[in-house]
Amino acid sequence: MSKGAFFGGVHPSYNKDMASGQAVIEMPLPKELIVYFSQNLGAPSNPVVKKGDEVKKGQVIGESGGFVSTPVHAPTSGVVKTVENRPSPVGADMIAAVIVPDGLDEWVEGCNVERGSTGLNREKIKGLIHDGGIVGMGGATFPTHVKLSPPPDKKMDTLIINGAECEPYLTADHRVMLEDAESVLDGAALFAGVIDVKNIVIAIEKNKPDAIITMQRAIAGRSGFTVAEMDVIYPQGAEKQLIYAITGRKVPAGGLPMDVGVLVQNVGTAAAAYEMIRYNRPLIQRVVTVTGSGIKHPKNVLARVGTKFSDLIEFCGGVHGDTAKLINGGPMMGIAQHSLDAGMTKGTSGLVLLREDEVGQFVSDPCIRCGNCLDVCPMTLNPSALSIFIERMRFDDAEEYNLMDCIECGCCAYVCPSKRPMVHHFRRAKAEIRNKAKKAG
Ligand code: SF4
Ligand code: SF4
């Protein structure tokens, strides 16, 4: 099944071949792990450990802070050195447990044990997915158990497993599909059972032909599964764009995929959910692509949550002398980093390191009203007007121009000849608007 595209979008240089051929390699335990208590979109977890506590691998160290929240677990056994604010990948410092591994890597009792399938009804599966701290691993980190809980009036009929991985440079999902296809499909089958859908589509961009073949072979003999070969266009992997390209359905402004009967889950999330349901292994590690012209040996690394960026970089041979920029995530939607001391989170799909000559091009000028950004915005917004409103602190006007529908894909910034920092503006303005709404009660 070949599937087309949506309005807008861009064709950046993908640069995936730096890492796509690198099999996943497990990184040895680092000297310390920075495990943030906020690892999901929604409420952060509440710390339940303190300085000096001994912890085991898989032990809960932060309890859910509400329904839209997930617990956080110790990624290995060791001692809590401190609980304090640390530099984080999102910019501001965040509270974290700093864990010094004891080298034994010993599981807490009850984890890493094969589970029978009796008594696993829908509610039990959702509960276990929550207990395992499973979140969207494509970067959004939305709690998976919440996505699996549509209100009764939402009739679901399609599950899309998102292996599009349209962000340039990143290859973590690609490798998961090649190396762990059965876990992805078993996780997808669990999700489909929970929301009671029979139609499961594995969506993969055509620039990953080996993953398409692998998944086509893996679905043979399984009912309800198809593989959709997606056109290569950014942001094909964004939820709303993917849903439209596959089903022709438009998620309404301000709406959610469930409004059109669809659930979208990332391939890594499906594999992580399967690990939790089958073996009681919470989400404490993930595949992260460390790549770009600035790193000596690009790799796909299986690393523990909390591994510092500096340790990941060292494991990949270190940087070239003129490396000038580190991005958490891909270059389109990722966040530039100012500290190598931040730790990776459940949402860290990649680190991209760029050299000086690639960074120098990002110096911004005023808008020249060329209109390029309007042609590519997949949400049919007016990015030029939005950015000007925001520069003038006219947040109400930006909201009226549907700023909150922006999916922060970065297409507008990519085509802007003035190199305007659009996504930075949009994130800042959205935070202002949300804060204002919160204060207004
Ligand atoms: S305005 Fe938002 S959705 Fe539109 S292209 Fe820019 S970042 Fe993407
Ligand atoms: S692409 Fe840049 S310069 Fe052109 S209209 Fe949009 S914001 Fe202005």
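In this predicted model, Y279 is partly exposed, with a relative accessible area of 21%. Because residues count as buried under 20% relative accessible area, Y279 falls in the partly exposed class. Y274, by contrast, is buried, at 14%.

**Aromatic pairs**

How many aromatic pairs does the ring-centre rule give? The count comes to two. In one of them, the ring centres of Y274 and Y279 are 6.3 Å apart and the ring planes meet at 90°, so the arrangement is edge-to-face. The rings of F389 and Y401 also form an edge-to-face pair, because their planes stand at 75°, with 5.0 Å between the centres. F389 belongs to helix α11 (residues 383–391), while Y401 is in the loop between α12 (395–400) and α13 (411–415); the pair therefore ties together parts that lie 12 residues apart in sequence.

| Residue | Relative accessible area | Class |
|---|---|---|
| Y274 | 14% | buried |
| Y279 | 21% | partly exposed |
| F389 | 11% | buried |
| Y401 | 39% | partly exposed |

**Charges over rings**

Rings also take part in another kind of arrangement. The charged end of R222 sits over the ring of F225, at 5.9 Å from the ring centre. K299 lies over the face of F315, where the distance to the ring centre is 5.9 Å. K299 is also part of strand β15, which spans residues 299–304.

**Strands and sheets**

Which strands does β14 pair with, and in which sense? Strand β14 covers residues 285–291 and is mostly covered, since six of its seven residues are buried. With strand β15 (residues 299–304), β14 pairs in the antiparallel sense over six bridges. Within this pairing, V288 has V301 of β15 as its bridge partner. With strand β18 (residues 350–355), β14 pairs in the parallel sense over three bridges. Here V290 has L351 of β18 as its bridge partner. As a general point, the side chains of a regular strand alternate between the two faces of the sheet.

Elsewhere, three strands make an open sheet in the order β4-β6-β7, with antiparallel pairing. β4 (46–47) and β7 (72–73) stand at the edges and have a single partner strand each, so one side of each is left without a neighbour in the sheet. Two bridges join β4 to β6 (residues 60–63), and these strands run antiparallel. P47 stands opposite G62 in β6.

**A loop residue**

S13 is located in the loop between β1 (2–3) and β2 (25–26). Leaving aside residues up to four places away in sequence, S13 touches P168 and Y414. The C-alpha atoms of S13 and C406 are separated by 23 Å, and these residues are 393 residues apart along the chain.

**The protein as a whole**

The protein contains 14 helices and 18 strands. Its radius of gyration is 21 Å, close to the 22 Å that the globule rule gives for 441 residues, so the protein is as compact as a globular protein of that length. The C-alpha atoms fill a box of roughly 60 × 50 × 50 Å along the principal axes. Of the 441 residues, 53% are buried. Among contacts between residues at least 6 apart in sequence, 74% join residues at least 24 apart. The accessible surface comes to about 18,500 Å², and 52% of this area belongs to carbon and sulfur atoms.

Technical notes:
Residues are numbered from 1 along each chain as its sequence is written. Chains are lettered from A and ligands numbered from 1 in the order in which they are written. This is a predicted model: local features need pLDDT of at least 70, side-chain atom pairs count only at pLDDT 80 or more; totals for chains, interfaces and linings use all residues. Side-chain values use heavy atoms; hydrogens and water are left out. Rings of Phe, Tyr and Trp (its six-membered ring) pair if their centres lie within 6.5 Å; planes under 30 degrees apart count as stacked, over 60 as edge-to-face and the rest as tilted. Buried means under 20% relative accessible area, exposed over 50%, partly exposed in between (1.4 Å probe, protein chains only). Helices (H or I, at least four residues) and strands (E, at least two) are DSSP runs, numbered from the N terminus. A charge sits over a ring if NZ of Lys or CZ of Arg is within 6 Å of the ring centre and within 35 degrees of the ring normal. The radius of gyration is taken over C-alpha atoms; the globule rule is 2.2 Å times the number of residues to the power 0.38. Contact means heavy atoms within 4.5 Å. Accessible areas come from the Shrake-Rupley method with a 1.4 Å probe; for residues, only the protein chains shown count as cover. Two strands pair if DSSP finds at least two bridges between them.
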